[in-house]
Amino acid sequence: ELGFGTGLNHPYFPATVKRLTVVDPEDLMPKRVAQRIAAAHFPVERAKLSAEHLPFEDNKFDCAVSTFTLCTIPDATAALREVRRVLKPGGSLLFLEHGLSGEPSVAKWQRRLDPIQRVIGRGCRLTRRIDQLISEAGLEIARLDRYEIGGMPKTHSTMYRGTALARK
């Protein structure tokens with residue numbers, strides 16, 4: 001899992017998961033993270049690092065997960081290339097991310113607000129085309145849902161959810 005954060009995804013991993021390796025350059029809320037890891041039904045290995053340089057051998061993982069992470073990784077393309085490298089052939093990247101709107105007027109405001117968002121959002125960018133980044137990294141998008149979350153400003157509500165495959 002890229003961008004483990006406080007471990008909010010833990011309850012949603014299926015019982016078929018045998019082991020989880022997580023990478024995150026931050027160490028947020030260490031007590032809460034420790035509790036969530038202790039409650040996991042599988043062993044969790046943590047690495048405090050950014051995803052641009054993963055210290056794992058090629059073709060190691062069956063699946064990678066990225067949830068609200070690609071907006072903050074400084075070089076998201078490099079991180080996604082690393083994901084492709086460490087995924088087994090046919091392995092999956094499951095992603096849920098926010099990014100650039102397809103509406104020109106909203107995208108214009110996202111570009112205006114992006115410098116401010118980077119400061120207040122700890123590096124978060126509003127203007128990334130998540131599907132494009134994934135494809136440019138050599139992953140094949142198998143499923144993509146783009147939608148808006150209601151009740152949020154349009155500049156922050158464009159979502160990209162889907163699955164990409166490592167074809168080697």
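1. Basis. This is a predicted model, with local features requiring pLDDT of at least 70, side-chain atom pairs counted only at pLDDT 80 or more, and totals for chains, interfaces and linings using all residues. Residues are numbered from 1 along each chain as its sequence is written, and side-chain values use heavy atoms, without hydrogens or water.

2. Helices (H or I, at least four residues) and strands (E, at least two) are DSSP runs, numbered from the N terminus.

3. Cysteines. The whole structure holds zero disulfides (cysteine sulfur pairs within 2.5 Å). The sulfur of C71 lies 3.5 Å from that of C124, its closest cysteine sulfur, and this is too far for a bond. C71 is buried at 4% relative accessibility. C124 is buried too, at 7% relative accessible area. Buried means under 20% relative accessible area, exposed over 50%, partly exposed in between (1.4 Å probe, protein chains only).

4. T155. This residue sits in the loop between β5 (139-148) and β6 (158-166). T155 is buried, with a relative accessible area of 13%. Beyond neighbours within four places in sequence, T155 contacts (heavy atoms within 4.5 Å) V106, W109, Q110, L113 and L126.
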